[in-house]
Amino acid sequence: MNIRYKFLLGLTAVFAVSQPLQAQGSPDTYSNDFINWVRTIGSDEFGGRKPMTPYETKTIDYLAGEFRHLGLKPAFGESYFQTVKEISTTVRIPRNEIRIRTARGAVRLSTPEDLMIWTARRTDKVLFNNVEFVFGGFGIDAPEYGWNDFEGTDVGGKILIVMVNDPGFYDRSLFRGRNMTYYGRWIYKLEQARKLGAAGCLIIHNEEAAGYGWHVCVNGHQESNLALFNEDTGNTDELGMQGWLNEDACRRLFEMSGIDYDKALSSAKKPGFKAIPLKAKSSFSMDVKYEIGETCNVGAVLPGTDLQDECVVFSAHWDHFGTGQPDGTGDAIYNGAADNGSGLAAILMIAKKMQKLPAPRRSILFLASTSEESGLFGSQYYCEHPVFPMEKTVTCINFDCIAPAPLTRDVTILDCCESGLGNYILSAAAAQGRYVVFDDDNTDGWFFRSDHWNFVRRGVAAVVVKAGKDLANPDKPNKYPQASWYHKPGDEYREDWDIEGAVANVNLMFSVGLGLANR
């Protein structure tokens with residue numbers, strides 16, 4: 001942690017010692033509202049909130065109704081809904097396997113054990129004829145870090161195999177060390193492969209480097225993959241194949257191609273790496289079922305006064321995975337109570353609190369975005385077609401997976417100091433008798449994994465709040481840590497959820513947003 005962060009932490013601690021922690025941890029008058037919203041949105045009745053299904057209609061109508069009940073005005077003219085055109089695709093390959101010819105014989109990769117693949121093209125079939133495979137290291141071209149995995153290598157028409165995360169994950173002297181850059185995100189790697197004209201891109205899944213298990217890759221992509229749809233191109237410029245490759249399967253492929261897997265990955269982690277063509281080719285087809293349809297962002301506005309053409313955004317995505325692979329109990333509904341019913345409850349709670357105060361100077365936009373789980377597509381579309389111009393959007397305060405969470409003396413904020421928001425957060429935390437940890441060890445890339453990132457890409461300051469670790473009551477740890485429910489059917493509201501820390505964090509961000517709206 002750098003000196004500036006230490007100074008800020010010390011400054012916060014000075015304020016915190018004079019404030020009783022219990023004062024901000026007492027029962028909040030809005031806690032019951034928070035629970036009721038999570039309980040409702042995360043119930044089986046909402047069917048896992050998959051976009052472009054009947055459960056979307058139920059979800060967005062419910063959210064619009066809550067905004068209307070709170071007295072907020074529609075964000076999109078006379079409507080609470082912003083229509084987003086998307087394509088939904090489901091891919092199947094014959095015999096559920098791809099056969100790859102290598103220097104030492106054939107390798108068969110099966111779905112979903114070895115790989116998960118999809119496409120965003122509007123087509124009934126994608127054909128690959130004698131396509132070659134290339135190991136592209138991290139799949140990164142980053143001039144500012146002096147790094148180019150593709151220099152001197154033509155990957156056009158080939159299938160790229162690349163590593164997740166970036167070199168700093170393995171060597172702190174590279175890039176930003178353990179603080180992942182956007183170059184480490186799987187979305188960037190697919191973007192880069194498409195830019196280079198590759199036929200496809202497979203990302204090697206490593207649980208530690210990715211920040212989640214193989215089940216996340218399977219559950220997120222086995223059925224109805226979503227993407228923004230371009231009517232002019234029919235998405236013909238999208239990759240023919242994109243997906244995840246299980247690490248054990250990749251090792252088999254490399255070794256059958258005559259390449260030492262460990263040495264290849266080791267060389268890719270060092271400056272000067274050049275892409276390695278594999279002695280591997282394959283001919284196969286992908287059968288595609290697609291649907292062109294519409295999904296919706298849901299938005300409401302609390303109008304400002306003298307600065308009403310500027311805004312503060314509170315955001316949370318409403319979508320989840322619908323129904324999918326059942327767990328050990330036979331439950332196949334991915335309720336998404338924590339992810340992200342808790343985030344929706346946060347912005348509704350803030351909206352209710354804001355309505356009881358005098359109108360702020362700047363307008364406040366409450367945005368419930370679609371298709372975050374598929375690639376942040378709803379927020380991407382909003383940022384391309386905003387209600388308030390990006391240059392007049394002061395900040396985006398985003399909530400994702402904030403409950404369950406017990407009360408902590410600290411609050412964790414991801415990498416916002418450079419945007420100038422740090423002082424607002426420090427003041428709000430001090431008023432609660434808490435201290436702030438500005439986390440610069442973003443190893444799992446969380447800063448790039450939710451909707452605020454599309455605002456950041458367009459120059460808007462953003463805040464990402466996470467649960468702290470310094471428990472106010474060490475005898476009350478979180479019964480439901482994220483690893484136990486993340487992207488699983490078990491993400492359901494339970495009556496013994498501890499939400500005290502979540503509510504404290506919502507109150508903190510309410511104060512930050514209110515300050516930004518009035519100053």
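**Reading the terms in this model**

Guide: R121 lies in the loop between strands β5 (115-118) and β6 (125-135). Helices (H or I, at least four residues) and strands (E, at least two) are DSSP runs, numbered from the N terminus. This is a predicted model: local features need pLDDT of at least 70 and side-chain atom pairs count only at pLDDT 80 or more, while totals for chains, interfaces and linings use all residues. Residues are numbered from 1 along each chain as its sequence is written, and side-chain values use heavy atoms, with hydrogens and water left out.

Visitor: Why is R121 called partly exposed?

Guide: Buried means under 20% relative accessible area, exposed over 50%, and partly exposed in between (1.4 Å probe, protein chains only). R121 has a relative accessible area of 25%, so R121 is partly exposed.

Visitor: Which residues does R121 touch?

Guide: Contact means heavy atoms within 4.5 Å. Leaving out residues up to four places away in sequence, R121 touches I87, T89, V126, G234, N235, T236, E238, L239 and G240. R121 and T89 are 32 residues apart along the chain, and their C-alpha atoms are separated by 8.1 Å.

Visitor: What makes a set of residues a nonpolar core?

Guide: The members are buried Ala, Val, Leu, Ile, Met, Phe, Trp, Tyr and Cys residues joined through side-chain atoms within 4.5 Å. The largest such core here has 149 residues, and F34, F135, I161, F254, F314, F366 and F399 touch the most other members. Helix α10 (residues 337-355) supplies the largest share of this core, eleven residues. There is also a second, separate core of 15 residues, with A75, C383, F388 and V460 among them.

Visitor: Which residues of helix α11 (residues 377-384) are buried?

Guide: F377, G378, S379, Y382 and C383 of α11 are buried. The buried residues of α11 pack against β2 (81-92), β11 (225-228), β13 (276-302), β17 (362-369) and α13 (452-456).

Visitor: How do you know how α3 and α4 are oriented to each other?

Guide: Two packed helices are described by the angle between their axes and the distance between the axes. Axes are lines fitted to C-alpha atoms, for helices over the stretch in contact, and angles run from 0 to 180 degrees between N-to-C directions. Helix α3 (residues 31-41) and helix α4 (residues 54-69) pack at about 160°, with their axes 12 Å apart. Angles under 35 degrees count as roughly parallel, over 145 as roughly antiparallel, 65 to 115 as roughly perpendicular and the rest as oblique. α3 and α4 are therefore roughly antiparallel to each other. W37, T40 and I41 of α3 make the contact with Y62, L63 and E66 of α4.

Visitor: How are α12 and α14 oriented to each other, and why?

Guide: The axes of helix α12 (residues 422-431) and helix α14 (residues 500-518) come within 9 Å and cross at roughly 130°. α12 and α14 are therefore oblique to each other. The contact joins Y424, I425, A428 and A429 of α12 to L508, S511, V512, G515 and L516 of α14. By class, it has seven nonpolar, two polar and no charged residues.

Visitor: What makes the backbone at N96 and N130 worth a remark?

Guide: Most residues other than glycine have a negative phi, and most peptide bonds are trans. Phi of N96 is near 55°, a positive value, and phi of N130 is near 55°, also positive. N96 lies in the loop between β2 and β3 (97-102), whereas N130 is in strand β6. N96, at 39% relative accessibility, counts as partly exposed, and N130, at 35%, is partly exposed.

Definitions and conventions. Nonpolar A, V, L, I, M, F, W, Y, C, P; charged D, E, K, R; others polar.
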